[in-house]
Amino acid sequence: MKKFRFPLRPVAVLRAHRELRAREAFAAAVHTYMTAEEELARTRARVAQFEAELFAGRRERFSAADEAHALAAYRRECGAEAETERTMIAARAAMGERRAEYLEAHRKLEVVNRLETKARTAHRLEANREEQSEFDDYAGRRAATRRPLFSAV
């Protein structure tokens, strides 16, 4: 039986490498998105804390200087929240793009893998046919050279 050789093996190797790189890029994008989401949650918690402090401060005595500083800090936190939210949205969009790239690379690799599987199956069937043909030829030669046990004479 001759050895199986898949002619598209170099293509499969390249596609496997691209799929691996796409998977790593997708994993990095997921990590970036999760980090941005956690940062947004922390920022929102700080904004909620500022709002609670501002509301609690209004129940006590009023100091314009303290209120001005607190309000300026609150506005900075709101700005930071908006920026963090934009960063998180951009990270989500990048994650979606990396996911699409990974799925495309995986699909292309699967196409080559299916082709290889089909080629291996065809090779195996052909080898089995050849082997069976050799057995049939051998059995035919043996039968032709065999002397009969009983003679008709």
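What follows is a short tour of the core, the salt bridges and the surface.

This is a predicted model, where local features need pLDDT of at least 70, side-chain atom pairs count only at pLDDT 80 or more, and totals for chains, interfaces and linings use all residues. Residues are numbered from 1 along each chain as its sequence is written, and side-chain values use heavy atoms, with hydrogens and water left out.

**The nonpolar core**
- The largest nonpolar core is a set of seven residues: Ala-29, Tyr-33, Ala-36, Leu-40, Met-88, Ala-91 and Met-95.
- Such a core is a set of buried Ala, Val, Leu, Ile, Met, Phe, Trp, Tyr and Cys residues joined through side-chain atoms within 4.5 Å.
- Helices α1 (9-59) and α2 each give two or more residues to this core, and the largest share, four residues, comes from α1.
- Helices here are DSSP runs (H or I, at least four residues), numbered from the N terminus.

**Salt bridges**
- A search of the whole structure turns up twelve salt bridges, each being a side-chain nitrogen of Lys or Arg within 4 Å of a carboxyl oxygen of Asp or Glu.
- One of them pairs Glu-77 with Arg-46, with the closest N and O atoms 2.9 Å apart.
- Glu-77 sits in helix α2 and Arg-46 in helix α1, so this pair ties together parts that are 31 residues apart in sequence.
- Glu-77 counts as buried at 16% relative accessibility, while Arg-46 is partly exposed at 32%; buried means under 20% relative accessible area, exposed over 50%, and partly exposed in between (1.4 Å probe, protein chains only).
- Glu-116 and Arg-120 also meet in a salt bridge (3.3 Å, N to O), and both lie in helix α2, four residues apart, about one turn of the helix.
- Arg-9 joins Glu-116 and Arg-120 in a network of salt bridges.
- Arg-129 and Glu-126 form another salt bridge (2.9 Å, N to O); Arg-129 is exposed at 51% relative accessibility, and Glu-126 is partly exposed at 37%.

**On the surface**
- Glu-130, Glu-131, Glu-134, Asp-136 and Asp-137 form a negative surface patch.
- For a patch like this, residues need over 30% relative accessible area and no salt bridge, and like charges are joined within 9 Å.
- Glu-130 belongs to helix α2 (residues 64-145) and is partly exposed, with a relative accessible area of 39%.

Methods:
Patches are made of residues with over 30% relative accessible area and no salt bridge: like charges are joined within 9 Å, nonpolar side chains (Val, Leu, Ile, Met, Phe, Trp, Tyr) within 5 Å. Accessible areas come from the Shrake-Rupley method with a 1.4 Å probe; for residues, only the protein chains shown count as cover. Lys and Arg count as positive and Asp and Glu as negative; His and the chain ends are not counted. The place of a charge is taken as NZ of Lys, CZ of Arg, CG of Asp or CD of Glu.
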